[in-house]
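Reader: Hi! Could you walk me through this one?
Author: Happy to, here it comes.

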Amino acid sequence: MTHPTRPAHLDLALIGNCAIGALIEREGDIVWCCLPRFDGDPVFHALLGAPDDPMDGRLSVELEGMVRSEQAYVPGTAIVRTRLYDAQGQAIELTDFCPRFWHHGRMFRPAQLVRRIRPLHGHPRIRIVVRPRGEWGQRAPEITRGSNHLRYVLPGQTLRLNTSAAPTYVAGERWFSLHAPLSLVLGPDETFEGGIESTARDFEEQTTRHWQEWTRRLAVPLEYQDAVIRAAITLKLCQFEETGAIVAAMTTSLPEAPHSGRNWDYRYCWLRDAFFVVRALNSLSEVGTMEDYLRWLHDVVRSSDGHVQPLYGIDLERELVERIEPQLPGYRGMGPVRVGNQAYEHFQHDVYGNIVLGSSQAFHDHRLFRRADASDFAQLERMGEQAFALHDQPDAGMWELRTRARVHTSSSLMCWAACDRLAKIAYVLKQPERQRFWRERADLIHRRILEAAWNDKRQAFVESFGGQDLDASVLLMAEVGFLPAHDPRFMSTVDALERTLCDGPFMRRYEGRDDFGKPETAFNVCAFWRVDALARTGRREQAREAFEALLARRNHVGLLSEDLDPHTGELWGNFPQTYSMVGIISGAMQLSAPWADAV
């Protein structure tokens with residue numbers, strides 16, 4: 001059969017287990033998976049194209065004569081089911097997941113993909129295509145055979161596919177009739193113990209139980225529960241649990257807009273993004289992610305010489321040198337494909353606020369296995385010193401401008417937040433002198449922002465001290481407690497941003513030109529910040545309309561990317577974007593009716 005053309009939207013589902021992740025197209029092809037971890041070489045890279053055959057870099061199960069597909073998550077889990085139908089009504093079902101469950105007192109999360117295939121109707125014929133590649137699509141594997149497995153020998157790693165299908169048919173990519181369920185288990189080249197079919201079934205049952213138990217512990221809002229649960233699972237899947245780091249997205253080089261060149265590698269841990277993830281999950285009473293992340297963050301702080309980078313690798317790599325992989329054409333042919341991210345060299349002063357904000361709950365929350373103490377506070381005070389010293393100094397800002405430095409209002413705002421939260425932590429630790437010290441510093445920054453970031457002509461807080469341009473990031477002023485939402489200056493700023501940056505419910509980041517010109521697409525998290533601001537300022541019905549319009553732009557399984565074309569509704573940018581999924585949780589928690597209204 002002719003393989004279906006990739007849809008115009010990012011119609012992808014995410015599976016994972018907090019060790020690896022994979023993206024699956026609506027028709028069931030696995031088109032993105034990096035092994036042995038999130039930032040590794042993509043063994044399945046078809047999302048970014050293929051230099052030779054379009055079937056390279058994917059794992060596909062094709063139904064002969066397929067005419068339509070259906071795809072959905074098993075409710076409350078990270079397990080995806082895809083159904084394929086032909087014109088005669090014959091059908092098969094694919095079940096995809098990465099094993100994750102408690103085993104022998106520890107979390108079992110191997111770098112392993114499991115695909116179960118079963119006939120639903122008729123006598124379907126299928127073809128299994130497994131074409132991993134190495135070195136960013138350049139190397140085809142050497143394939144060797146065993147009695148029930150195939151080995152794919154790639155540079156730096158060897159994968160083993162254990163299968164209850166005939167290895168001869170899989171290796172030859174032959175069409176065959178599917179009479180009974182069968183399974184594929186792809187992972188490290190290790191001996192497979194137990195029967196393939198029974199093991200795959202057991203892994204599915206235990207993984208289902210794990211996720212449903214995890215989900216039922218979430219303190220979800222009354223309304224928008226399905227959207228919140230899917231967002232929470234997605235955020236959890238973006239944590240590399242071994243170290244605690246949280247990646248900004250699973251992908252690299254999905255452009256922010258067509259042919260824009262705004263193609264970046266997001267498979268690293270930005271301290272800013274991770275803070276928002278932790279806070280969103282905390283709001284659902286899921287504190288385990290925060291505890292794991294704080295392990296990683298404490299090592300970042302303790303290994304710093306004062307300066308902290310805006311991002312690090314998931315095992316604390318400092319140098320993430322950016323390079324281009326020219327052999328892959330890019331998403332829908334829109335290169336370049338980048339690996340690494342030059343932003344690690346940037347000075348982004350909001351990072352110190354993100355560190356303190358991300359850590360502060362650990363001083364207040366009595367549920368934690370290890371609450372933060374005075375020694376942790378001493379380490380955070382080092383971050384506060386940096387925040388105070390740099391609050392009025394130029395930086396690249398949260399939007400990571402590469403060719404321009406200014407005193408960005410959002411950076412100064414987070415420096416204020418660092419000092420403000422340190423004062424509150426000192427109060428909890430009963431250190432009144434340090435409380436006064438940090439309160440005085442927070443108050444000084446507060447006054448400075450009010451003086452330098454307000455623009456009388458625009459009747460708004462602007463993107464930089466003494467600047468003219470508007471920037472959506474100032475919407476965070478109410479969210480982090482810098483100003484009451486009903487402060488006339490904040491309300492005026494919201495109005496000005498709406499007039500300038502909004503296309504209906506969607507919102508661009510800023511109005512000024514950057515290194516690539518003016519942004520063409522809306523930035524999803526900015527639209528969610530606006531929802532929050534509208535709700536806080538009493539415009540709840542308008543906030544609800546905007547929020548539900550954003551929810552309607554999620555893809556078929558409830559996921560969002562970084563950017564969105566406000567005119568076509570098409571999703572752009574890296575996927576799934578943690579920032580955007582955070583916005584779903586934050587908006588729902590802000591807008592939902594209370595449980596008391598129903599029960």
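Reader: Which residues in α8 meet α9?
Author: In this predicted model, Thr409, Ser412, Leu413, Cys415, Trp416, Cys419, Asp420, Leu422, Ala423, Lys424, Ala426 and Tyr427 of α8 meet Arg434, Gln435, Trp438, Arg439, Arg441, Ala442, Ile445, His446 and Ile449 of α9, where contact means heavy atoms within 4.5 Å.

Reader: How do the residues of that contact divide?
Author: There are 12 nonpolar, four polar and five charged residues. Ala, Val, Leu, Ile, Met, Phe, Trp, Tyr, Cys and Pro count as nonpolar, Asp, Glu, Lys and Arg as charged, and the others, Gly among them, as polar.

Reader: And at what angle do the axes of α8 and α9 cross?
Author: Helix α8 (residues 409-428) and helix α9 (residues 432-452) cross at roughly 160 degrees, and their axes come within 8 Å. The axes are lines fitted to C-alpha atoms over the stretch in contact, with angles from 0 to 180 degrees between N-to-C directions. The two helices are therefore roughly antiparallel, a label for angles over 145 degrees.

Reader: Switching topic, how many helices and strands does the protein chain have?
Author: It has 14 helices and 30 strands, taken as DSSP runs (helices H or I, at least four residues; strands E, at least two).

Reader: What share of the protein chain is buried?
Author: Of its 599 residues, 64% count as buried, meaning under 20% relative accessible area with a 1.4 Å probe, protein chains only.

Reader: How big a box do the C-alpha atoms fill?
Author: Roughly 75 × 55 × 50 Å along the principal axes.

Note on methods:
Residues numbered from 1 in each chain as written. Predicted model: local features only at pLDDT ≥ 70, side-chain atom pairs only at ≥ 80, totals over all residues. Heavy atoms only, no water. Parallel < 35°, antiparallel > 145°, perpendicular 65-115°, else oblique. Buried < 20%, exposed > 50% of the residue type's maximum accessible area, 1.4 Å probe, protein only.
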